[in-house]
Amino acid sequence: MISFTDRVVLVTGGGRGLGEAYCLELARRGAAVVVHDNGVETDGSGGDPGPADDVARSIREAGGRAVACATDASTESGGQAAVDLAVEEFGRLDAIVANAGIIHEDPISDWPTERFEALLRHHLLAAFHVVRPGFAVMRSAGYGRLVFVSSAAGVFGQPGLTGYATAKTGMLGLMNVAALEGAAFGIGANAIMPMGDTRMAMALMGEAGKTADARAFLETLRLDQVAPVVAYLASEQCTLTHRVLSAFSGRVAALQIGVTRGWGGPGAAFTAEDVAANLDQILDPSGILVPGSIFDEMEHALTAEPLPSDEQSRQPETIPSPNPV
Ligand SMILES: NC(=O)c1ccc[n+]([C@@H]2O[C@H](COP(=O)([O-])OP(=O)(O)OC[C@H]3O[C@@H](n4cnc5c(N)ncnc54)[C@H](O)[C@@H]3O)[C@@H](O)[C@H]2O)c1
């Protein structure tokens, strides 16, 4: 039985959509929940304490423990206030689900700078400014769980989502470092790539999302098929760290970021033409390594088989400059 009795969890973006589903599932399992949501529109404009208040109230009315926080998670003071509230109200902070976010779509050449910056703020800074002070609390306690919300749109790509994809893949960078640094302090960090039938999904689909077919598809993206995965990752029973799980439509899977065995090795000298001629071996996925850190990847490269000696000894060709100086 995965229980959160005596555990305190902070969920950013907990006032709506997937975040609300995480709050309710965690509270149902006994967690005291900080519902952190500043109630912005899907483009990051506006602000409303209502969504966080409503979710926190519904948890309390069901007999659970919850408090609302409507600060902006993307600011240093807003993130700190949410962490402080968890400690003041419930005496500890055991897990953070960094879930807050917004959306915008445009062709890459038309992406407005201020939209790109807003996407980085509401996803990446909103995670960083909560996780940094939260990590310090967890390190002192010798225990913690961090769940970073990423997206397949970032990890694998989705046309039109330049800023969103950049921010969501950046969440994996935060997770990687938190997992490696957290290991010595009992802090586990993982990420999830969810999909859910939420207002963000509707905003992205626009008018197309209103057809019967689109509605039927969106209804397959059930929030109750994602929330249990987050509950597991946020729990004491979670034995994973430094992992990325994909969860939607009832399927849970793991992302593997690996590097092929490759071609060449230490000391190799080769030309661009050699690279082109050896693409099959460079890309060959057999014997792929999933590095646990940059050091595994370096060891992999430094212990690679050297090239046959004739390729090894070849000097790179120089390209004649059209305008010698
Ligand atoms: N819905 C999907 O299919 C899907 C797919 C992949 C990833 N995600 C990710 O899941 C998360 C939740 O998405 P959703 O679909 O539930 O969206 P949503 O719009 O329903 O909820 C997001 C919530 O985040 C809050 N928020 C935004 N910026 C904030 C800030 N700076 N401080 C505090 N709160 C803030 C908003 O007010 C909103 O209530 C997002 O990170 C999103 O990128 C969603």
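Me: Let's start with a cut-off: a residue is buried if 20 or more other C-beta atoms lie within 10 Å of its own, exposed if 12 or fewer, and partly exposed in between. In this predicted model, how does Glu299 count?

Reply: Glu299 belongs to helix α12, which covers residues 294-302. Inside 10 Å it has 13 C-beta neighbours. Exposed requires 12 or fewer and buried 20 or more, so Glu299 counts as partly exposed.

Me: How far apart in space are Glu299 and Ile192, C-alpha to C-alpha?

Reply: Along the sequence, 107 residues separate Glu299 from Ile192. In space, their C-alpha to C-alpha distance is 28 Å.

Me: Now the sheet: which strands stand at its edges?

Reply: The sheet is open and has 8 strands in the order β3-β2-β1-β4-β5-β6-β7-β8, with mixed pairing. An edge strand has a single partner, so one side of it is left without a neighbour in the sheet.

Me: What angle does the direction of helix α2 make with that of β3?

Reply: Helix α2, residues 50-61, packs on the sheet and touches both β2 and β3. Its direction and that of β3 make an angle of about 170°.

Me: And which strands does helix α4 touch?

Reply: Helix α4 spans residues 113-141 and packs on the sheet too, its direction making about 165° with that of β4. The strands it touches are β1 (8-12), β4 (95-98), β5 (144-149) and β6 (187-194).

Me: In the largest nonpolar core, which residues touch the most other members?

Reply: In general, nonpolar side chains in soluble globular proteins tend to be buried together. Here the largest nonpolar core holds 83 residues, and α4 gives the most to it, with 10 residues. The members that touch the most others are Val9, Val33, Val35, Phe148 and Val230.

Me: Which residues is Val33 in contact with, leaving aside its neighbours within four places in sequence?

Reply: Val33 is one of the core members with the most contacts to other members. Leaving out neighbours within four places, its contacts are Val9, Val11, Cys23, Leu26, Ala27, Ile59 and Ala66.

Me: How far apart are the end C-alpha atoms of helix α3?

Reply: Helix α3 has 15 residues, 76-90. The expected span is 1.5 Å times one less than the number of residues, which gives 21 Å for α3. The model agrees, with the end C-alpha atoms apart by 21 Å.

Me: What covers the buried residues of α3?

Reply: The buried residues of α3 are Gly78, Gly79, Ala81, Ala82, Val83, Ala86 and Phe90. What covers them includes β1, β2, β3 and α4.

Me: Last topic, backbone angles: what is phi of Ser249?

Reply: Most residues other than glycine have a negative phi. Ser249, in the loop between β7 (244-248) and β8, is exposed, with 12 other C-beta atoms within 10 Å. Its phi is positive, near 50°.

Me: And what is phi of Asp6?

Reply: Asp6 lies in the segment before β1. It counts as exposed because it has 12 C-beta neighbours inside 10 Å. Its phi is a positive value in a residue other than glycine, near 70°.

Notes
Residues numbered from 1 in each chain as written. Predicted model: local features only at pLDDT ≥ 70, side-chain atom pairs only at ≥ 80, totals over all residues. Helix = DSSP H or I, 4+ residues; strand = E, 2+ residues; numbered from the N terminus. Pairing = 2+ DSSP bridges. Contact = placed C-beta atoms within 7 Å. Axes fitted to C-alpha atoms, helices over the stretch in contact; angles between N-to-C directions. Core = buried A, V, L, I, M, F, W, Y, C linked by C-beta atoms within 7 Å.
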